[in-house]
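Visitor: I would like a brisk tour of a chain. Please show it first, then take my questions.

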Amino acid sequence: MIGSAVGSADTGPTAGCGGCQTGAVMRILIVEDEELIARSLHDGLTADGYAVDRAATGDVGFWMASEHPYDAIVLDVLLPGMNGFVVCQKLREAGVTTPILMLTAKGGEYDQAEGLDTGADDYLTKPFSFIVLGARLRALIRRGPTQRLAVLEHGSLRLDPSRRSCEREGQSIELTPREFALLQYLLHHAGRPVSKRDLIESVWGDDDLGENVLQVYIGYLRRKIDEPFGTDTIETVRGIGYRIALVRPV
Ligand code: CA
């Protein structure tokens, strides 16, 4: 795990390849003041084929992200100078649409909801595994900046990531950040079964989390988006996970 007391046994050159899919080298900016974590991320991402730059303060990170085009930014929350939330907010205000993955401290003062509210695209709680970080970065880069804020619609259900709002049949539905992230991930993959492990890694960033937690959250979602409306949006795919069926034309 990265961000725990000891280093990075899992920082080997693993499945990922930062640039080889498109032929172009992908550039990543790491904004992190903790030397061990920053170095371990740098080495791991470099081994995965990315070109990696580092900044150790919020101010330097902001300047580098404003001046240079990056494919993604890994941004720690607790930094000397401007903290990660301020950096993120200022970058978005400045029109920088680079995907941002925030690193938050477990049990820390800040909540991931705040990170997402300031314009981050995703978050990971420290300590995290490098393999999970690599997968999340690839997903962010694939999604790219332009589709980041697309509204997701499914029948009468509407999810707007930029406003963090959810509604069905014009009625507003309150979702917690975790419920929102779960529904967003499922809607992004509508029509395809999504495995429980994929959901847990993508929504919780914790590959050790038990599947019962996911089941509980799927239950919360169904009680909010389906039961009051007599709909059945989230299907259980036995032995795999869940799927949002494509909407059949009437
Ligand atoms: Ca830090």
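Visitor: Where is the place of Tyr123?

Guide: First, the ground rules: this is a predicted model, where local features need pLDDT of at least 70, side-chain atom pairs count only at pLDDT 80 or more, and totals for chains, interfaces and linings use all residues. Residues are numbered from 1 along each chain as its sequence is written. Helices (H or I, at least four residues) and strands (E, at least two) are DSSP runs, numbered from the N terminus. On that numbering, Tyr123 belongs to strand β5.

Visitor: Is Tyr123 buried or exposed?

Guide: A residue is buried if 20 or more other C-beta atoms lie within 10 Å of its own, exposed if 12 or fewer, and partly exposed in between, with C-beta atoms placed from the backbone. Tyr123 has 25 other C-beta atoms within 10 Å, so it is buried.

Visitor: What separates the C-alpha atoms of Tyr123 and Met102?

Guide: Along the chain, Tyr123 and Met102 are 21 residues apart.

Visitor: How many helices and strands does the chain have, and what percentage of its residues is buried?

Guide: The secondary structure comes to eight helices and 12 strands. The chain has 250 residues. The buried share is 35%.

Visitor: Which residues touch the most other members of the largest nonpolar core?

Guide: A nonpolar core is a set of buried Ala, Val, Leu, Ile, Met, Phe, Trp, Tyr and Cys residues joined through C-beta atoms within 7 Å. The largest one holds 40 residues, and those touching the most other members are Ile28, Val31, Ile73, Val74, Leu75, Leu101 and Met102. Its largest share, six residues, comes from helix α5 (residues 130-143). Apart from it lies another core of 18 residues, including Leu157, Phe180, Val203 and Tyr217.

Visitor: Which residues does Ile28 touch beyond four places in sequence?

Guide: Two residues are in contact if their C-beta atoms, placed from the backbone, lie within 7 Å. Residues up to four places away in sequence are not counted here. That leaves Leu45, Tyr50, Val52, Tyr70, Asp71, Ala72 and Val74.

Visitor: Is Glu32 buried or exposed?

Guide: Glu32 is found in the loop between β1 (27-31) and α1 (35-47). Leaving aside neighbours within four places in sequence, its contacts are Ile37, Ala38, Leu41 and Asp76. Glu32 has 25 C-beta neighbours inside 10 Å, so it counts as buried.

Visitor: How do α6 and α7 lie to each other?

Guide: Axes are lines fitted to C-alpha atoms, for helices over the stretch in contact, and angles run from 0 to 180 degrees between N-to-C directions. Helix α6 (residues 177-188) and helix α7 (residues 196-203) pack at about 130°, with axes 10 Å apart. Angles under 35 degrees count as roughly parallel, over 145 as roughly antiparallel, 65 to 115 as roughly perpendicular and the rest as oblique. Therefore α6 and α7 are oblique.

Visitor: Which residues make the contact of α6 and α8?

Guide: The axes of α6 and helix α8 (residues 211-226) come within 10 Å and cross at roughly 90°. So α6 is roughly perpendicular to α8. From α6 the contact has Arg178, Glu179, Leu182 and Leu183; from α8 it has Tyr217, Tyr220 and Leu221.

Visitor: How do α2 and α3 lie to each other?

Guide: The axes of helix α2 (residues 58-67) and helix α3 (residues 84-93) come within 10 Å. They cross at roughly 25°. Therefore α2 is roughly parallel to α3.

Visitor: Which peptide bond is cis?

Guide: Most peptide bonds are trans. Pro127 is found in the loop between β5 (122-126) and α5. With omega near -5°, the cis bond runs from Lys126 to Pro127.

Visitor: What is the phi of Glu169?

Guide: Most residues other than glycine have a negative phi. Glu169 is found in the loop between β8 (165-168) and β9 (171-172). It has 11 C-beta neighbours inside 10 Å, so Glu169 counts as exposed. Although Glu169 is not a glycine, its phi is positive, about 50°.
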